Amino acid sequence: TPVSSTISRAALSRGVAPLMQLILGGEGGVPELKDPLQKPTPKYNLAAVSGRPMELVHGSTAPKDAAQLAEWTAHMREKGMQRVLSLLTDSEAAQRSPD
């Protein structure tokens, strides 16, 4: 953008690297900045609760419907999950029920 490039040129012309660069979005809003060090989101958001090396408790999103239940279950087993506790309302459980 013109503002950020003007700030950068002014700082560099004095031989000083800018400590911060101002980024202004156009009509589309502020551009989405991605952290290059951020790990990709795991499938079903499966993650250990505390991050301890031998963590026994994990959390994940539930399958959205009965069609995804078999794939979700296979993924959990593949990752070493042995037991599941789902906190669902009656209607949420019915939506995911295979029968």
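The side chains of glutamate 71 and lysine 43 meet in a salt bridge with an N to O distance of 2.9 Å, the term denoting a side-chain nitrogen of Lys or Arg within 4 Å of a carboxyl oxygen of Asp or Glu, and a search of the whole structure finds one such bridge. Glutamate 71 belongs to helix H2 (residues 66-78) and lysine 43 to the loop between helix H1 (2-13) and S1, so the pair ties together parts that are 28 residues apart in sequence; helices (H or I, at least four residues) and strands (E, at least two) are DSSP runs numbered from the N terminus. Both partners count as partly exposed, glutamate 71 at 42% relative accessibility and lysine 43 at 43%, where buried means under 20% relative accessible area, exposed over 50% and partly exposed in between (1.4 Å probe, protein chains only).

The model is predicted, with local features requiring pLDDT of at least 70 and side-chain atom pairs counting only at pLDDT 80 or more, whereas totals for chains, interfaces and linings use all residues. Residues are numbered from 1 along each chain as its sequence is written, and side-chain values use heavy atoms, with hydrogens and water left out.

The largest nonpolar core comprises five residues, Tyr44, Leu46, Trp72, Met76 and Met81, a core being a set of buried Ala, Val, Leu, Ile, Met, Phe, Trp, Tyr and Cys residues joined through side-chain atoms within 4.5 Å. When neighbours within four places in sequence are set aside, methionine 81 is in contact (heavy atoms within 4.5 Å) with His58 and Met76.

Leucine 56, located in the loop between strand S1 (47-48) and strand S2 (58-59), is exposed, with a relative accessible area of 79%.
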